[in-house]
Amino acid sequence: ALPISHLTGASRTIARLLCPSLPAMFRRAARKTFKLGALGATAYGGVKITHMWINDDLDDIKYSVNRIFYKAAKKEQERKKVVVLGSGWGALSFVRKLDPAEFQVTVVSPRPFFFYTPLLVGSTTGVVSPGAIIEPIRDNAPDCDFLRIACKDVDLDNRKVMCDGDVTLDYDHLVVAVGAQPNTFGIPGVDKYGKFMKEIEHGRAVRKDMLDIIERADVANAAGQLDKVKQLLNFVVVGGGPTGVEFCGELSDFIHQDLKSRYPKIAEHFKVTLVEALPGLLTMFHKSVGGYVQDHLVNQGVEIKLNSMVKEVKEQSVQLKTKEGVVEMDYGILVWVAGVGMRPFTRALCEKIGKDNGQTDRRGLLVDECLRVKGTRPGEVFAIGDCAVSGKPPTAQVAYQQGKYLGRMFRLGNSHLINDPQAPGFQYCHQGTMAYIGQGEAATEIDPNAFIKLGRSSVTDHMWWRSLYGDTDQLRVMGPAGFAIWRSTYFSKLFSGRNRWSVASDWARTSMFGRPASSSAQGTASC
């Protein structure tokens, strides 16, 4: 047997304590187990801290320490009641920052889960399954009460929320995060015949209808109805923003990589048409990016109609107002991703507060710099996300940061800021914009200053950083490199290990076996 002196450092101490009389073989096994455990713990800690840094949650470590001292100095009192309306980006990021020892939190939403909106388009073509991109509220925010009901009205004077099922909730603080709904701009036929892409059920419906239409086209081809085949296989997408572009990219991949080989008799008739009222795509990007994306989609076979406004949507055709006049185009499915508008609840709350009290915007609830709803008592009602008009774009990135900002305001040591008119306002840090464009490529615009913060200190402002990133605010990365950034960024932002495992498995399955050309929703009842 080897002497104890053969071991060194901590391993020697562990061996003496745990196995002083065991043979050398067992002591070596104990030493290796200890080293592997330490290595695993270090790796797990590193991954955890990296994930917290990416998602701007490092302050949770500091708060967990500081709250011990706050609690020691603070007198015990009844927990205040916080009611959160919604289960999206803003609501969940806010709730996850709250201290359950200080607040009794109730989340009210007709949707019992959070879903990862950036990957919704991929669920329509089978790249990811819908179940992989949802996270139950009760799992992600276990310290909160959750009620799966819709809010009908708010009594601002008596601080009460009236919901379906004769449920009435008292609140000390109300956070409205109900999001937005698709905006049809009053165009006839859009509500009746168009398909939307805003909720998880929209993605399921688009996938089912699209696959049903392909099967119908195959039957029509067998019956010799060529005109019917062409009409059914024209997939029209209205809206040239990130969602519309991504859907065209995903759909083109699905057609070229999977559908054409499985439906060879109708392969030549597949067609994707993108309709945009503005003169360019992705107008929130630099103009050069929009041009690159347009050329890329055209090379994939997507027909792009710019400066084309939808005038009316019929059951099997859509009327477009173009420079040449009004033209009519047949379609099999029309997906509407042309913008968002207020939900009825948001509109009713705006009207209740009134224009005389500051609610004069038709896009949503006007808020101050601290996200407090204008026209309400200070510190009682807040609005975040797409339902709030804060001067920031209605994106998931904004809602996510607003929820974190508001949650930090509610923490011990900062709660005095809730009513303070001089409290530091919300500062949006735009980290970039991304869109998948098909064929393993993506268009990305990232802001290096959001990460290395040029100009904040003499170190970050060093000429080496300037020479590396330049003085421009945006770094544009296109093609496969952009796709790598797109995938890694969205993967890192997934909320749970279960989501990351499911999404990674779906991506691997798609790479190895392709996308499934049928859905479980296509039962015999759908024929």
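These questions and answers go through a predicted model and the reasons behind the words used for it.

Me: What is the mean pLDDT of the protein, and what share of residues reach 70 or more?
Reply: The mean pLDDT is 86, and 85% of the residues reach 70 or more. Over residues 462–467 pLDDT stays under 50. For that stretch the model has eight contacts beyond four places in sequence.

Me: How many helices and strands does the protein have?
Reply: The protein has 17 helices and 25 strands. Of its 527 residues, 47% count as buried.

Me: Why is Y400 called buried?
Reply: Buried means under 20% relative accessible area. Y400 has 10% relative accessibility, so Y400 counts as buried.

Me: Is F495 buried or exposed, and how do you know?
Reply: F495 has a relative accessible area of 10%. That value is under 20%, so F495 is buried.

Me: Why are Y400 and F495 called an aromatic pair, and what kind of pair is it?
Reply: Ring centres have to lie within 6.5 Å to pair. The centres of Y400 and F495 are 6.2 Å apart, so the two rings form a pair. The angle between their planes is 35°. Under 30 degrees would be stacked and over 60 edge-to-face, therefore this pair counts as tilted.

Me: What makes this a link between distant parts of the chain?
Reply: Y400 belongs to helix α13 (residues 396–409). F495 is in the loop between α16 (479–492) and α17 (497–513). The two are 95 residues apart.

Me: Which residues form one aromatic cluster with Y400 and F495?
Reply: The cluster also holds W89, F114, Y116, Y436, F483, W486 and Y490. By the pairing rule the count comes to 17 aromatic pairs.

Me: Which residues have the most contacts inside the largest nonpolar core?
Reply: They are F94, V176, F235 and F410, in a core of 121 residues. Helix α8 (residues 200–222) gives the largest share of this core, eight residues. Apart from this core lies another one of 14 residues, among them F196, V318, M329 and Y331.

Me: What does F94 touch, not counting residues up to four places away in sequence?
Reply: F94 touches V82, V84, V175, I384, G403, L406, G407 and F410.

Me: Why do β23 and β24 count as paired strands?
Reply: Pairing needs at least two bridges. β23 (residues 432–438) and β24 (residues 441–446) have six bridges, so they pair, in the antiparallel sense. A435 stands opposite A443 in β24. The two strands form a hairpin with two residues between them, and Q439 in the turn has a positive phi of about 60°.

Me: What makes β23 mostly covered?
Reply: Seven of its seven residues are buried.

Me: Why is E268 called exposed?
Reply: Exposed means over 50% relative accessible area. E268 is at 69%, so E268 counts as exposed. E268 lies in the loop between α10 (242–262) and β13 (271–275). Its C-alpha atom is separated by 9.8 Å from that of L233, 35 residues apart along the chain.

Notes: Residues are numbered from 1 along each chain as its sequence is written. This is a predicted model: local features need pLDDT of at least 70, side-chain atom pairs count only at pLDDT 80 or more; totals for chains, interfaces and linings use all residues. Side-chain values use heavy atoms; hydrogens and water are left out. Rings of Phe, Tyr and Trp (its six-membered ring) pair if their centres lie within 6.5 Å; planes under 30 degrees apart count as stacked, over 60 as edge-to-face and the rest as tilted. Helices (H or I, at least four residues) and strands (E, at least two) are DSSP runs, numbered from the N terminus. Buried means under 20% relative accessible area, exposed over 50%, partly exposed in between (1.4 Å probe, protein chains only). A nonpolar core is a set of buried Ala, Val, Leu, Ile, Met, Phe, Trp, Tyr and Cys residues joined through side-chain atoms within 4.5 Å. Contact means heavy atoms within 4.5 Å. pLDDT is the predictor's confidence in each residue, from 0 to 100.
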